[in-house]
Amino acid sequence: MPPAPHAQQTEMRKLPLSLFILLSAMSLQAQDGSASAAPGGFINHWLQRTSATQAKQPPWAVPLVTTYTGLIQVARTDILRQITPALTHTWNYDNSKGLNIVPWANTEIAVDLPPYIQHNSAAVNGFGDVSFLGKYRIRSGNAQHGSYTLSAWVLATIPTGSYKNGSTDASVAPSVGGGKGFGNFDVQSTVGATLPTGNPAITTSGRPVAWNTVAQYRVGKLFWPEIESNATFYKGGTNDGKTQEFVTPGLLVGKCALHPSDPKSRPGLAFGAGMQIATSHFHTFNHGLVMTARWVF
């Protein structure tokens, strides 16, 4: 399969980069004390409200695969490389990541960009689906109040993909997740189901249930080694009754603060990598390399 046209690949790479530049500029503006960041300004009030909201939860690192069970405000892009049973390499640029914000207390909203899928096979390369997430933090406690989280969220996906790189129908995925910390160690677990809204997605994909669990340990101020279990239980569809599971060891670094001497400074960079290793007999890929970069603000 010949590579995707140069112009299409260039545009695909610009999407996450443009998002990072936009959020970086906004964060820098807030830190530099411009008019909008001055006392009473919109950005200043927004960031202060976010800091107050996040102060009520543990400061755990956002896992590589498992959905974070607290509230985050970040511009994020991921890159995945998966090796299929036919030994072809499929690359997923952005992996349906984008912009997460905390607009008000206990709430998070995310707008996820469509990923670009490069198959390196007979399949046609192209963009995937656009998705949106709404999360509500039900309960939480910081290190002084129990170190725990409990949240519920819904992910909605719109079939915008090209050349069969997305779903044929829209879907919603309600989920719930919680976590508990013990000093520098924490465990977070989430469970949810993807519910297509019509055929042929129901016939082909069914209603799979995803159960993810991560264990993390903070080393120093910046390093978070972790190990995840990422399991999918297929209900209906062509894989009905099958189970797919990966064990994912990884390392996260950050947040590397832009102004580390200022305890109130929010913007900073976090990044990490890991490897999804199949542990189930049935698996659609193996040795999935996961790389992530995040601009926290």
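Let's begin with Ala52, which is found in helix H2; helices (H or I, at least four residues) and strands (E, at least two) are DSSP runs, numbered from the N terminus. This is a predicted model, in which local features need pLDDT of at least 70 and side-chain atom pairs count only at pLDDT 80 or more, while totals for chains, interfaces and linings use all residues. Residues are numbered from 1 along each chain as its sequence is written, and side-chain values use heavy atoms, with hydrogens and water left out.

Ala52 counts as partly exposed because its relative accessibility is 44%; buried means under 20% relative accessible area, exposed over 50%, and partly exposed in between (1.4 Å probe, protein chains only). Leaving aside neighbours within four places in sequence, Thr53 is in contact with Leu71, Val102, Ala105, Asn106 and Arg137, where contact means heavy atoms within 4.5 Å.

## The chain as a whole

The chain has 3 helices and 16 strands. Of its 297 residues, 45% are buried. Among contacts with a separation of 6 or more, 57% are between residues 24 or more positions apart. The chain exposes about 14300 Å², and carbon and sulfur atoms supply 66% of that area; accessible areas come from the Shrake-Rupley method with a 1.4 Å probe, and for residues only the protein chains shown count as cover.

Which residues make up the largest nonpolar core? There are 11 residues in all: Trp60, Ala61, Val62, Leu64, Tyr68, Ile72, Val74, Leu80, Trp224, Leu252 and Val290. A nonpolar core is a set of buried Ala, Val, Leu, Ile, Met, Phe, Trp, Tyr and Cys residues joined through side-chain atoms within 4.5 Å. Leaving aside neighbours within four places in sequence, the contacts of Trp60 include Tyr68, Ser147, Lys180, Asp186 and Trp224.

Phe223 is placed in strand E13 (residues 223-233) and is partly exposed because its relative accessible area is 42%.

## Aromatic pairs

How many aromatic pairs does a search of the whole structure find? The search finds 6. Rings of Phe, Tyr and Trp (its six-membered ring) pair if their centres lie within 6.5 Å; planes under 30 degrees apart count as stacked, over 60 as edge-to-face and the rest as tilted. Trp46 and Phe297 form an edge-to-face pair, 6.0 Å centre to centre with 80° between the planes. Trp46 lies in helix H2 (residues 42-54) and Phe297 in the segment after strand E16 (286-296), so this pair ties together parts that are 251 residues apart in sequence. Trp46 and Phe297 are both buried.

Phe246 and Phe285 form a stacked pair, 4.5 Å centre to centre with 20° between the planes. Since Phe246 lies in strand E14 (residues 243-257) and Phe285 in the loop between strand E15 (268-278) and E16, the pair ties together parts 39 residues apart in sequence. Phe246 is buried, with a relative accessible area of 3%, and Phe285 is buried, with 9%.

## Salt bridges

The structure holds 2 salt bridges; a salt bridge is a side-chain nitrogen of Lys or Arg within 4 Å of a carboxyl oxygen of Asp or Glu. In one, the closest N and O atoms of Asp78 and Arg76 are 2.9 Å apart, and both residues are buried.

Glu108 forms a salt bridge with Lys135, with the closest N and O atoms 3.3 Å apart. This pair links distant parts of the chain, 27 residues apart: Glu108 in strand E4 (residues 107-112) and Lys135 in strand E7 (residues 130-141). Glu108 and Lys135 are both buried.

## Backbone details

A cis peptide bond joins Asn199 and Pro200, with omega about 5°. The peptide bond from Gly254 to Lys255 is also cis, with omega near 10°, and Lys255 lies in strand E14.
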